[in-house]
Amino acid sequence: MPNTGQFHLLRVDGQADEAERLLAVTAVECNCLPCGAPRLLTTQGSTMSIHQVNICGFAQMLRALRGQLGKADAHALTTGYSSRDLLSARLAPDMYPLAKQIQFACTQAREAVCRLTGQPLPVLCTPGDMDQARELIDETLDHLAAADAAQIDAGASLDVAIELAGGLAFDMKGSEYAANWATPQFYFHLITAYSILRHNGVPLGKADYVPHMFAWMRQAG
């Protein structure tokens, strides 16, 4: 199928695409606890915590990214090129390559834990091959799983200062940081990584971006 820039979802037993229902569901799956026991978290009649939205949400999306890298390896094997070459691919000349996008997604996820709990910020290395990329994701998942939910949520009232090069700084509360900085920064790098893989021929679809949604899938009718 040519790359038309449209999303294509997996069809099940000839039924219509699940896109509308998938996007309408107001729940997320939290598997980031060490025990691995899933929690189904809904926004109906309750307030979702920072830990649920950011830490658990980041974890499930990093697992999806790990799966996308597995498809990239398989695609490289069948087409006869090295999946390592993908790590230097980028969407535009002035954008960072895939390796950096993976590094930055993991950095944003770990920084969320550190900034909301008053820990020193991490310094992560850029992966040099797909094995290192998966290792970086796995280490980040372990870091997220070890985060204390109560401490993360208590970080909502902390003062967070983000200082960038050139003397630019942002001062905000932990709750503002989680919603307005950590969330968009993480997803920017995550979807850029997905887009690089898709642009370079890796057969990905919406189902590869949100595989956790299959927990709620059913046959219509």
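This is a walk through a predicted model of one chain, from its overall layout to a few local details.

Start with the whole chain. It holds 7 helices and 4 strands. Along the sequence, these elements run in the order α-β-β-α-α-α-α-β-β-α-α. The chain has 221 residues, and 43% of them count as buried. Take the contacts between residues at least 6 apart in sequence: 65% of these join residues at least 24 apart.

Now look at a pair of helices. Helix α2 covers residues 50–79, and helix α6 covers residues 174–199. Their axes come within 11 Å and cross at roughly 10°. The two helices are therefore roughly parallel, because a crossing angle under 35 degrees counts as such. By class, their contact has 15 nonpolar residues, 6 polar ones and no charged ones. On the α2 side, the contact residues are I50, N54, G57, F58, M61, L62, L65, Q68, L69 and A72. On the α6 side, they are G174, S175, A178, A182, T183, F186, Y187, L190, A193, Y194 and L197.

Follow the chain on from α2. The loop between α2 and α3 contains R84. Is R84 buried or exposed? R84 is exposed, because its relative accessible area is 52% and the cut-off for exposed is over 50%. Even so, R84 has partners from elsewhere in the sequence. Leaving out residues up to four places away, R84 touches G128 and D129. R84 and G128 lie 44 residues apart along the chain, yet their C-alpha atoms are separated by 7.6 Å.

Next comes helix α3, residues 98–117. How many of the 20 residues of α3 are buried? The count is 19, so α3 is mostly covered. At 1.5 Å a residue, its 20 residues should span 28 Å. The end C-alpha atoms are 29 Å apart, which agrees. Just after α3, G118 takes a positive phi of about 75°.

V160 and G118 are 42 residues apart in sequence, and their C-alpha atoms are 9.1 Å apart in space. V160 counts as buried, because its relative accessibility is 4% and the limit for buried is under 20%. Setting aside neighbours within four places in sequence, V160 is in contact with R115, F170, D171, M172, K173, G174 and Y177.

The rest of β3 shows two faces. In a regular strand, side chains alternate between the two faces of the sheet. In β3, V160 and I162 make up the covered face. D159, A161 and E163 make up the uncovered one.

Finally, see how β3 is paired. Strand β3 spans residues 159–163, and strand β4 spans residues 169–173. In what sense do β3 and β4 pair? They pair in the antiparallel sense, over 5 bridges. A161 stands opposite D171 in β4, and E163 stands opposite A169.

Technical notes. Residues are numbered from 1 along each chain as its sequence is written. This is a predicted model: local features need pLDDT of at least 70, side-chain atom pairs count only at pLDDT 80 or more; totals for chains, interfaces and linings use all residues. Side-chain values use heavy atoms; hydrogens and water are left out. Two strands pair if DSSP finds at least two bridges between them. Axes are lines fitted to C-alpha atoms, for helices over the stretch in contact, and angles run from 0 to 180 degrees between N-to-C directions. Angles under 35 degrees count as roughly parallel, over 145 as roughly antiparallel, 65 to 115 as roughly perpendicular and the rest as oblique. Contact means heavy atoms within 4.5 Å. Ala, Val, Leu, Ile, Met, Phe, Trp, Tyr, Cys and Pro count as nonpolar, Asp, Glu, Lys and Arg as charged, and the others, Gly among them, as polar. Buried means under 20% relative accessible area, exposed over 50%, partly exposed in between (1.4 Å probe, protein chains only). The expected span of a helix is 1.5 Å times one less than its number of residues.
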